Amino acid sequence: MAQRRQLTLQPSWLATAWVVAALVLPISAVLSMFWQASAEPMPWRWIGNIIQFTLLQASLSTLGSVLLGIVIGRTLARRSFIGRNWLIAWLDACFVMPGLLIVLAILLTWSPTGAVGQFLDWKFYGLPAILLAHWFFETPLIARVVMQQMQRIPEAHIKQAQQLGLTDWQMWRLLDWPAIRAAIFPVAGLVFLICMTSFPVVVSLGGGPGSTTLEIAIYQALHYEFDFYLATWLAVIQLAIGVLLALLILRHLLDSWGAGPINVQRSRPELTSTRYFDGLVILVCLAYWLAPILGLLVKAGWQPLLDAMSSAKLWQATGQTLMIATASAMLGVMLAIGLQAGRGRFAMFVGYTVMLVPSMMLATGAFIILWRYGDALWQRLAAIALLNALMIVPFAIKLLRPAKNAAQARYGRQMTMLGLSQWQRWRWIYWPKMATAIAGALGLAFMLAAGDLGAALMLSSHDLNTLPLRLYRLIGARQLEQALWVGAWLVFIGVMIQRLLAWLARRYHA
Amino acid sequence: MLSVDNVVIERDNWQCRFNFQLTAGQMLLISGASGAGKSTLLDALAGFTAIRGGEISWQGQSLLGLEPAQRPVSMLFQQNNVFEHLSVAQNLALGISGSRKLRPEQQARVTAIAERLQITDQLNKRCTMLSGGQQQRVALGRALLMQRPLLLLDEPFSALDKTTRLTMQALVKEMHDEFGLTTLVVSHQPEEMQAMVDAELYVDKGEANLRQAP
Amino acid sequence: MQKQLLASIALVAGTAVANPLTIYTYDSFVAEWGPGPQIEANFEQKCGCDVEFVALADGVSLLNRLRIEGDDTKADIVLGIDNALLADARKTGQVAEHTVDTSELVVPGGWAHNDFVPFDYGQFAFVYDSERVSNPPTSLAELIDSDLSVVYMDPRTSTVGAGLLYWMKSVFGEQAGDKWAALADNTTTVTQGWSDAYYGIFMEGGADAVLSYVTSPAYHIEYEDETRFKAMPFSEGHYQQIEVAFVTHASQQAELANDFLQYLVSPEAQSIIPTTNWMFPVHPEAELPASFEQLITPADILMFDEDDVANERSNWVREWLNAAS
């Protein structure tokens, strides 16, 4: 019996080996170019500027989202009004929306030609545009965490506080802040990390060499200039900052997010003194998050829809996106499952390591490998799918872990006593018990991969054409109305796939 | 012979000590207040809890260092003994092999045990559709199919109503005799079983005293 | 060795080999409104052969593609790199000498290369809307110091953007860095491509001036009957772009390729260029539309030697990166 155990190929080893290889190969490709490249004088001043800008925009994005998120989260948590649940659902949607759609919303509202922007005399492109976009999708995340934490305050405490006649400020200081404090810092760290590496927003709204982040600079050095030396330097700097940050916040990061669905139904007893303030906050919410999309739909019109839908490029892009996203989602979720199959801590560690490595560094490596060993369309598609699968792994682990742990807690001893192998455990227990969670993870993974711009843009060629690339090109050509429909189509596909997966999971259980 | 020599098990802030022997083929009732360490003892025998000192052996061979699956032990817990999402047949089959398909003679063993336990009608049902008593029958059937000489029961029938419980206890006794098992039963209602067992181990605050059957 | 053998077999077989004449070019050249379709149809009729365009994003992509494909390239002709990329093009080892008669061609500043064939040219200029901007600056320095909002292209991705890089350098020399920094104050944004800036931002009212060509106003006159868009004449002079084509060494139908280039610079093909590519034709007998008469005439034509461009470009880009950020 002991012999057979040793001979069995463990899924966790397979997955670990795969992920390690997928990380090590591109990184070593980058490093190999680094040693080969002839050293040209480096634009150090510019590099200094972009490091500064990268950190500045990430800090301001985080600070703004946290402040806005706390104000909005508190208001939504304590005030009930018609459409509250819809607004909350919409804010949630903003967080998972493909980045390019947010770019579109911001452009159509705030740019010099946008609905509001045309009346403003200001420098839109650069920091202001980037902040507006980052706040747009990071604030909802913070607000959600705030609401979640405030739900945990016992109702008796709130009633007591009201009997004592505490002011809003005192309520905040004595009840809300202590409840929020523990959760807010890890989430802020996550937001910082996301903003630091945000690709579609900065590449579309940066506007000039000054307002560029490291992530974008790597892409530009390679794609614009074929400059491996500069690209590698930038990637190494980015990696160093990422590792430094990770050392500071990683421990908190891992348990901070993906806490699963929460129910924000109950609103707390209302304070009349904050009525007008709350009303104002809700109005701001509606104006900032809802108006752009409504404005878009009104402006979009049917002609651009026809243009978008009748373009052969759209269907080509749809096909390639479906291929990439399906392959990435399946591989990514399979890797996440494999990494969790064993009890080994190492596998989990490997899974989370992916989060620290700058995705542009991996894309750069893939670019070099393709450049050396062939760059047919299918090779590019496969490389993009692999890169996206890797990016999905930590998210998928996070989503699957609770279900896996529940099954383990329930049946762990029986499985051990029966002497089931890793494969058999998956076959008989984990797979059926986790089907719903796996469907959910596949759906999210599909959405993430289908919305990816970074890897696709880095590896783009004349015949590579995904929906985000199409969207990016249309936004570049300022065909915003057509872009809107392409974006809507992308979201539609994502939602349909998610529903299909949920349906399959339900059918499986029935 | 099951031999438990000076076994010490560390709990949070106290220790359990066990020292007894059980002749092969006998049935042992383990009683005592809750929290006294009854389940801990069974966990240690099955290999789910590490022991601090002492020796556990079966037929002269030490069990220490063996994985739960390698021990001559099958165990039923208070709950979650059957995999509810699988059918009765699948649950039983897992007692023989985790592979997809059973060989014909293995399949015959499944059919035989199902008949013996009167669950043939349920074979293709999912376990979620079964009553608690039936579920424990399936669990017992699977334990028997594992063909391990020691059967450990950690109050698997405590959640059942009294009639069903008595039926199940009688069934266990029948199986014990038919399959020549050595059985250890933890029970909160020792009086219900005292008549059928060969000995009783009374556990109190980590000290165990073996009493021969009255 | 094997390649040569194949080539000689192809020569023996002569015109019986029905390979299409493959031309790598940038995509707006072959767009339905571009010069490509008409020139293709005309030449196919003359030679009784098949012409196939492969469209890539821009001149830089053309060379990158060629660099990667090397001797395996399918291209007989590469059409659409500009005078800034000549040295880079030669580095691919694919630029063959041509047999085209260029004696009649006229390019301001002259043309003395026997490996590249020029087919059109134009000078860079900032275009403005005369109904919005009443007192346009009269020099590059004045524009930089003005408070007009400007949109231009990234010199790393756009040949027009690269044009501004050379223009700034030829006008300001050592001071170019400071001037870039000064320009950054009134820059709306830096786009990747020309059309993003021109149609996406300038025409939508997002900027007062856009980097383009002196010929751009002619487009608005011809197609929109609109005279309000004008180019700003600058006293320092305007940097000139010359678009060229060349025959590849890998081509197995060099003769046919040369025939095509000869046709490209003929009065007939050159008459197509102005209203499709919106550049000046190189043949003096080419017909010019009336709108071209309303265009400004640059006070001076600025051009760098191609080797200087090749050697210095990355330094100039670095200077821009450092200064404009």
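Contact, in this briefing, means heavy atoms within 4.5 Å. By that rule, 21 residues of chain A are in contact with 26 residues of chain B, in what is a predicted model. Local features in this predicted model need pLDDT of at least 70 and side-chain atom pairs count only at pLDDT 80 or more, while totals for chains, interfaces and linings use all residues. Residues are numbered from 1 along each chain as its sequence is written, chains are lettered from A and ligands numbered from 1 in the order in which they are written, and side-chain values use heavy atoms, with hydrogens and water left out.

**How the chains meet**

- Among the 2 pairs of chains that touch, chains A and C have the most contacts, whereas no contact joins chain B and chain C, whose closest C-alpha atoms lie 51 Å apart.
- Between chain A and chain B about 2,200 Å² is buried, and carbon and sulfur atoms give 59% of this area; buried area is the accessible area (1.4 Å probe) that two parts lose on being put together, summed over both.
- On the chain A side, Arg413(A), Met417(A) and Trp428(A) lose the most area to chain B, together 35% of what that side buries.
- Chain A and chain B share 2 salt bridges, a salt bridge being a side-chain nitrogen of Lys or Arg within 4 Å of a carboxyl oxygen of Asp or Glu.
- One of these salt bridges is formed by the side chains of Arg413(A) and Asp43(B), at 3.0 Å from N to O.
- The side of chain A that touches chain B receives two or more residues from each of helix H17 (377-418), helix H18 (422-450) and H21 of chain A, and H17(A) gives the largest share, 8 residues; helices (H or I, at least four residues) and strands (E, at least two) are DSSP runs, numbered from the N terminus.

**The two domains of chain A**

- Chain A is divided into domain 1 (10-34 + 301-510) and domain 2 (55-212 + 270-297), with bounds that come from an automatic or database domain assignment.
- The C-alpha centres of domain 1 and domain 2 of chain A lie 28 Å apart, and 18 residues of domain 1 are in contact with 15 residues of domain 2.
- These two domains of chain A bury about 1,600 Å² between them, 84% of it on carbon and sulfur atoms, and in domain 1 the residues Ile475(A), Leu480(A) and Leu484(A) lose the most area to domain 2, together 32% of what that side buries.
- Between domain 1 and domain 2 of chain A the count is 0 salt bridges.

**Cysteines and a buried serine**

- A disulfide is a covalent bond between the sulfur atoms of two cysteines, and the cut-off used here is a pair of cysteine sulfur atoms within 2.5 Å.
- The structure holds 1 disulfide over all chains, and this bond joins Cys47(C) to Cys49(C) with an S to S distance of 1.9 Å.
- Because the torsion about the S-S bond of Cys47(C) and Cys49(C) is about -75°, the disulfide is left-handed.
- Cys47(C) is partly exposed, with a relative accessible area of 28%, where buried means under 20% relative accessible area, exposed over 50%, and partly exposed in between (1.4 Å probe, protein chains only).
- Cys195(A) is buried at 0%, and its sulfur is 15 Å from the closest cysteine sulfur, in Cys94(A), which is too far for a bond.
- Ser57(B), found in strand S4 (residues 53-58) of chain B, is buried with a relative accessible area of 11%.
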